[in-house]
Amino acid sequence: MKDKPPGDGDGSFLRKVQLATGWNGFTAIVTPGDVTGDGNGDVLARNSDGKLILYPGNGTSGLNAPRQIGTGWTGYAITDAADMNAAGRPDILARDAAGILWLYPMSGNALFGARVQIGTGWNIMNYIG
């Protein structure tokens with residue numbers, strides 16, 4: 001089943017497209033949507049050093065050159081959250097080791113606004129998403 005391509009919404013599958021190789025070194029990969037503001041979906045990946053890397057989508061089923069947009073993400077469970085603050089941009093949710101759930105709002109061109117604590121006790125969850 002893992003080799004099947006994504007669904008087309010009508011009970012069939014779309015054609016698979018390989019975006020890149022060498023992703024085994026990442027400890028988290030999320031697809032929050034368009035975080036750069038160019039109208040294309042983007043990919044965020046965290047490496048083992050806790051660096052958050054942006055892979056901007058190019059609009060033709062591929063990715064543009066990556067760039068680092070953050071550090072210190074080791075120990076966080078991260079997930080894409082869509083638009084949690086009604087600002088019109090996708091946001092990131094992150095749970096720290098103490099179980100605090102943080103909202104990291106995106107403020108344009110993959111820049112983060114000030115994080116906001118939105119919950120506690122999330123360390124009992126195996127997955128956030």
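Me: Where is the place of A86?

Reply: A note before we start: this is a predicted model in which local features need pLDDT of at least 70, side-chain atom pairs count only at pLDDT 80 or more, and totals for chains, interfaces and linings use all residues. Residues are numbered from 1 along each chain as its sequence is written, and side-chain values use heavy atoms, leaving out hydrogens and water. Strands are DSSP runs (E, at least two residues) numbered from the N terminus. On that numbering, A86 sits in the loop between β5 and β6.

Me: Buried or exposed: which is A86?

Reply: Phi of A86 is near 60°, a positive value in a residue other than glycine. Buried means under 20% relative accessible area, exposed over 50% and partly exposed in between, using a 1.4 Å probe and protein chains only. The relative accessible area of A86 is 71%, so this residue is exposed.

Me: And what does S61 count as, going by relative accessibility?

Reply: S61 also lies in a loop, the one between β3 and β4. Its phi is positive too, near 65°, in a residue other than glycine. The relative accessibility of S61 is 48%, so S61 counts as partly exposed.

Me: By what angle are neighbouring strands of the open sheet with the order β1-β2-β3-β4 turned against each other on average, direction ignored?

Reply: This open sheet has four strands with antiparallel pairing, where two strands pair if DSSP finds at least two bridges between them. Its edge strands, each pairing on one side only, are β1 and β4 (67-70).

Me: Which residue in β4 stands opposite I53?

Reply: The pairing here is between β4 and β3 (residues 52-55), antiparallel over three bridges. Across from I53, the residue in β4 is Q68.

Me: How far apart are the C-alpha atoms of F26 and R46?

Reply: F26 is in strand β1 (residues 26-33), and because its relative accessibility is 18%, F26 counts as buried. Leaving aside neighbours within four places in sequence, F26 is in contact (heavy atoms within 4.5 Å) with A45, R46, N47, I53 and Y55. F26 and R46 are 20 residues apart along the chain, yet their C-alpha atoms are separated by 5.5 Å.

Me: Which residues does the second, separate core include?

Reply: A nonpolar core is a set of buried Ala, Val, Leu, Ile, Met, Phe, Trp, Tyr and Cys residues joined through side-chain atoms within 4.5 Å. In the largest one, of 17 residues, L44, W73, Y76, I78, I92 and Y104 touch the most other members. Strands β1, β3, β6 (91-95) and β7 (101-104) each supply at least two residues of this core. The second core is separate and has seven residues, including W23, F26, I53 and Y55.

Me: Which residue in the turn of the β6 and β7 hairpin has a positive phi?

Reply: β6 and β7 pair in the antiparallel sense over four bridges, with R95 opposite L101 in β7. Five residues lie between the two strands of this hairpin. The one in the turn with a positive phi, about 90°, is G99.

Me: Which residues point the other way from L101 and L103 in β7?

Reply: β7 also pairs with β8 (residues 116-119), antiparallel over three bridges. L101 and L103 point one way from β7, and all four residues concerned are buried. Pointing the other way are W102 and Y104.

Me: What is the angle between the planes of Y104 and F112?

Reply: Rings of Phe, Tyr and Trp (its six-membered ring) pair if their centres lie within 6.5 Å, and planes under 30 degrees apart count as stacked, over 60 as edge-to-face and the rest as tilted. A search of the whole structure finds seven aromatic pairs. Y104 and F112 form an edge-to-face pair, 5.9 Å centre to centre, with planes at 75°.

Me: Which residues form one aromatic cluster?

Reply: Y104 is buried, at a relative accessible area of 11%, whereas F112 is partly exposed, at 24%. Both belong to one aromatic cluster, formed by W73, Y76, Y104 and F112.
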